[in-house]
Amino acid sequence: MASGYGLAGGPSRCFPFWQELLACYVVNTNTDDVTGAKKCVPALEDYYECLHHRKERARAIELQRAYRRAEVAHPRENAPRPGAIRNLGLLDREEDTKDVLGTNRSITDGNGK
């Protein structure tokens, strides 16, 4: 969170990265020379990644793309029909319901006759 406190009141999830970045700046820079800040770029990237998760999000998107490409290149054998997924075998299966109930009644007639 922007206040520096986490949701439970303790330090935020990125506070250790902030401490590492701040320590790097303190060690490598002074008021006259700020060129040492270039040494802190990896710590700065880690802190930004903790805040925004851009690299993690990009990696997840790339993994999804690769999975979809592999799925198209090698389709599954015995893949379920879209109708079977939609109704999970519960709709349009009145014959099976009749067999289970042991009756010849239609489920849709409402009065059981």
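## Disulfides and aromatic rings

C14 is buried, with a relative accessible area of 4%. Buried here means under 20% relative accessible area; exposed means over 50%, and partly exposed lies in between (1.4 Å probe, protein chains only). The model is predicted: local features need pLDDT of at least 70, side-chain atom pairs count only at pLDDT 80 or more, and totals for chains, interfaces and linings use all residues. Residues are numbered from 1 along each chain as its sequence is written, and side-chain values use heavy atoms, leaving out hydrogens and water.

What does C14 bond to? Its partner is C50, and the two form a disulfide with sulfur atoms 2.0 Å apart. A disulfide is counted when a pair of cysteine sulfur atoms lies within 2.5 Å. The link of C14 and C50 is left-handed, with -95° about the S-S bond. C14 sits in the segment before α1 (15-28) and C50 in helix α2 (residues 41-52), so the pair ties together parts that are 36 residues apart in sequence. Helices are DSSP runs (H or I, at least four residues), as are strands (E, at least two), both numbered from the N terminus. C50 is buried too, at a relative accessible area of 8%.

By the distance rule, the count is 2 disulfides. The other pair is C24 and C40, whose sulfur atoms are 2.1 Å apart. Its S-S torsion is about -95°, so this disulfide is left-handed. The pair links distant parts of the chain: C24 lies in helix α1, while C40 lies in the loop between α1 and α2, 16 residues apart. C24 is buried, with a relative accessible area of 16%. C40 is buried at 0%. Counting bonded cysteines along the chain, the disulfides follow the pattern 1-4, 2-3.

Now the rings. The structure holds 2 aromatic pairs. W18 and Y47 form a tilted one, 5.4 Å centre to centre with 50° between the planes. Why does this pair tie together parts that are 29 residues apart in sequence? W18 lies in helix α1 and Y47 in helix α2, so the contact joins those parts. For the terms: rings of Phe, Tyr and Trp (its six-membered ring) pair if their centres lie within 6.5 Å; planes under 30 degrees apart count as stacked, over 60 as edge-to-face, and the rest as tilted. W18 is partly exposed, at a relative accessible area of 36%. Y47 counts as buried at 17% relative accessibility.

Y47 also pairs with Y48. That pair is tilted, 6.3 Å centre to centre, with 35° between the planes. Y48 counts as partly exposed, at 44% relative accessibility. Together, W18, Y47 and Y48 form one aromatic cluster.
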